[in-house]
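The following paragraphs lead the reader through the structure displayed here, taking one region after another.

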Number of protein chains: 2
Amino acid sequence: MTDTATSAGPPRQTPRRGEFTLIDRFFTDLGPVRSDVRLGVGDDCALLTVPAQTDLAVSLDTLCAGVHFFPDCAPHAVGHKSLAVGLSDLAAMGATPAWATLALTLPRRDDAWVGDFARGFRELAEAHGVRLVGGDTTRGPLSVTVQVHGLVASGTAVRRSGACVEDLIWVSGTLGDAALALDRLRAGKSPDPALRARLERPTPRVTLGVALRGLASAMIDLSDGLAGDLGHILAASGVGALIDVSALPLSPAVRAQVRATANWTLPVAGGDDYELCFSAPARHADAIRALGAGCGCPLRVIGRVRPEPGLQLRDADGTTVNLASVGYDHFTTEP
Amino acid sequence: MTDTATSAGPPRQTPRRGEFTLIDRFFTDLGPVRSDVRLGVGDDCALLTVPAQTDLAVSLDTLCAGVHFFPDCAPHAVGHKSLAVGLSDLAAMGATPAWATLALTLPRRDDAWVGDFARGFRELAEAHGVRLVGGDTTRGPLSVTVQVHGLVASGTAVRRSGACVEDLIWVSGTLGDAALALDRLRAGKSPDPALRARLERPTPRVTLGVALRGLASAMIDLSDGLAGDLGHILAASGVGALIDVSALPLSPAVRAQVRATANWTLPVAGGDDYELCFSAPARHADAIRALGAGCGCPLRVIGRVRPEPGLQLRDADGTTVNLASVGYDHFTTEP
């Protein structure tokens, strides 16, 4: 429901008025008013209208304190990231964001925390025209679950399964920054603000994703690392790929780390970058480069689709880079 | 996303293959195949089609272990209830269930638990034609967040705001059973199975809710207790109500408890019944009674809408029942 009471003690029994106040205060008017929202926060369900000839794209993600973010992470960043990861999924399909629902679980009432969280969520929602239409607030260990809803002309969404042999493989932005920031935080060091922002306030590539419809043959967002996520495209498409690791786009900080350690783990297996990885026929290369420039988002060709299944990484001199050596073990079965 | 890897350590970095296996095994083919699902579990987003002249109704709810259910609650019941509470919200709008997404957070991999959970979820999903189209599985304290998606002819959803003076107020089923079962469990007693099922395996009144479109003027499902939830209808509609507590439909167990304690707390303020409460013009009374009989769901008139704001409860002899005396304090602000 869109305004469930917070409750304590298993399971909830009596209404908690404070909860309604919390929702009224922070979540009833979040994001731009949209004419396709017939009914937003405040009833048993939200009521939404999807235009004709349009598919609805939905994605649901949970971020747990202590697992997906440090418990002392700035609430503004948690608000931003909890929406950003969903918008990144919409981008990976080429869908235009429309609405979100939010389930927020808090150990105790903390209006200052919620206010900052809501501000981070709101700023990103407003930037992408997303209206918060419902949700739930509950008592429990800190976690955030967001469902995003996007719209895409019927049949034009970019799936993981369309990669063809000889397609070029592209990525946006730079790879490994979020993982490097995480390494530094775990080591008790403070990464510089730009690097830290790559971990805590990722930029969903929404404009780019929408623009790639009709050009990209398959697409995914890089949440779990290049090797794993590109692996999903390859598996879904029934193809393989050869990647030139020396072509991977790296920030100066990641490049320095790769050089110092002679190890490609950060850009190949580091998660949380939320860049787009896509395949496209070579004939679209000029159009794609122009599009990246138009979006202000660097795009780089990193390899090519080939018929042999699996992912192979090669260094500039043609040497094969072992996947296990970069922290990615395809056969790990223990979660 | 629809198949995010489980992760441990803040925040996730490397892909966990076991997670994909978990999703493949339990969640990729849950519920009936539906032609309106263009793309289900296994890509960045699910792709869904909403028919023309139809509104999409959505609701998101979280159940946390230790808050909304006992940590040792049977996983089959948790699976059932996590979908049931959402279907109950759809019922309260008169929407027909279509799809669900599921975010499952688990402290550790436990295939037996997940298998039973999935079975409980699946059985209810199949009973209502609901297809699981996506979700997320993460590592963390046990909790379940489900978004339900329903369809309703444009403009026909039953909102909370339509109650009119002189409308009769109805409830389905019986009230207070879940709260009584909870009281007994909290006291270390074992409620009889039928009573316990009312708490752990609530029946969403989906058929009834859909049938009430065009008859009910306002509707809500009773998750937080009659007084609080009816209060939402009254506030949204700008009206008040007079309820005859002696008319409340009670199971023999709750009736005995009310008599023994001379206290109406259980049926008036007890939560988790997931019955429907609705208002309707008196002229529809016969049609509504017939409809209840057709659905196999008892319906009872418990009072009437009146212009004076607020909720007043009266006993059979006309004595006012104090709301605070039944555990419902309208002015409580602390969640």
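This is a predicted model: local features need pLDDT of at least 70, side-chain atom pairs count only at pLDDT 80 or more; totals for chains, interfaces and linings use all residues.

Setting aside neighbours within four places in sequence, Phe27(A) touches Leu22(A), Val41(A), Leu102(A), Leu104(A), Val114(A), Phe117(A), Ala118(A) and Leu132(A). Phe27(A) belongs to the loop that joins helix 1 (17-26) to strand 1 of chain A. With a relative accessible area of 4%, Phe27(A) counts as buried, because the limit for that class is under 20%. Pro204(A), by contrast, stands 177 residues from Phe27(A) in sequence, and the C-alpha atoms of the two are 22 Å apart in space.

One of the contacts of Phe27(A), namely Phe117(A), also takes part in an aromatic cluster, which it forms together with Trp113(A) and Phe121(A). Over all chains, the structure contains eight aromatic pairs. Phe117(B) and Phe121(B) are both buried.

Helix 3 of chain B also has a helical partner. Helix 2 (residues 75-93) of chain B packs against helix 3 of chain B at an angle of about 35°, and the two axes are 6 Å apart. The crossing of these two helices is right-handed. On the side of helix 2 of chain B, the residues in contact include Val78(B), Gly79(B), Ser82(B), Leu83(B) and Leu87(B). Helix 3 of chain B contributes, among others, Trp113(B), Phe117(B), Gly120(B), Phe121(B) and Leu124(B). Sorted by class, the contact between helix 2 of chain B and helix 3 of chain B comprises ten nonpolar, five polar and three charged residues.

Two residues of this contact, Asp116(B) and Arg119(B), are joined by a salt bridge with an N to O distance of 3.4 Å. Asp116(B) and Arg119(B) are three residues apart in helix 3 (residues 111-127) of chain B, so they are separated by about one helical turn. Arg119(B) is partly exposed, at 39% relative accessibility, and Asp116(B) is likewise partly exposed, at 31%.

Side chains of opposite charge can pair when their charged atoms come close. The structure as a whole holds 36 salt bridges over all chains. One of them links Asp55(B) to Arg38(A), with 2.8 Å from N to O. This pair crosses between chains, running from strand 3 (residues 54-64) of chain B to strand 1 (residues 37-39) of chain A. Elsewhere in chain B, Arg306(B) pairs with Glu308(B), their closest N and O atoms being 3.7 Å apart; Glu308(B) is partly exposed, at 43% relative accessibility. In chain A, a network of salt bridges connects Asp177(A), Arg198(A), Arg205(A), Asp273(A) and Glu275(A).

Chain B also contains a helix that is covered by other elements. In helix 4 (residues 177-186) of chain B, seven of the ten residues are buried, so the helix is largely enclosed by the rest of the structure. The buried residues are Asp177(B), Ala178(B), Ala179(B), Leu180(B), Ala181(B), Leu182(B) and Leu185(B). Their covering includes helix 5 (193-200), helix 8 (252-261) and helix 9 (265-269) of chain B. After helix 4 of chain B comes Gly188(B), which has a positive phi near 80°.

Positive phi values are also found at residues other than glycine. Which loop holds Gln53(B)? The loop between strand 2 (46-48) and strand 3 of chain B contains Gln53(B), which has a positive phi of about 60° although it is not a glycine. Gln53(B) is exposed, with a relative accessible area of 66%. In chain A, Glu166(A) is another non-glycine residue with a positive phi, of about 85°. Glu166(A) lies in the loop between strand 6 (143-153) and strand 7 (168-172) of chain A, and at 44% relative accessibility it counts as partly exposed.

Definitions and conventions. Residues are numbered from 1 along each chain as its sequence is written. Chains are lettered from A and ligands numbered from 1 in the order in which they are written. Side-chain values use heavy atoms; hydrogens and water are left out. A salt bridge is a side-chain nitrogen of Lys or Arg within 4 Å of a carboxyl oxygen of Asp or Glu. Helices (H or I, at least four residues) and strands (E, at least two) are DSSP runs, numbered from the N terminus. Buried means under 20% relative accessible area, exposed over 50%, partly exposed in between (1.4 Å probe, protein chains only). Axes are lines fitted to C-alpha atoms, for helices over the stretch in contact, and angles run from 0 to 180 degrees between N-to-C directions. A crossing is left-handed if the near helix is turned anticlockwise from the far one by less than a right angle, and right-handed if clockwise. Contact means heavy atoms within 4.5 Å. Ala, Val, Leu, Ile, Met, Phe, Trp, Tyr, Cys and Pro count as nonpolar, Asp, Glu, Lys and Arg as charged, and the others, Gly among them, as polar. Rings of Phe, Tyr and Trp (its six-membered ring) pair if their centres lie within 6.5 Å; planes under 30 degrees apart count as stacked, over 60 as edge-to-face and the rest as tilted.
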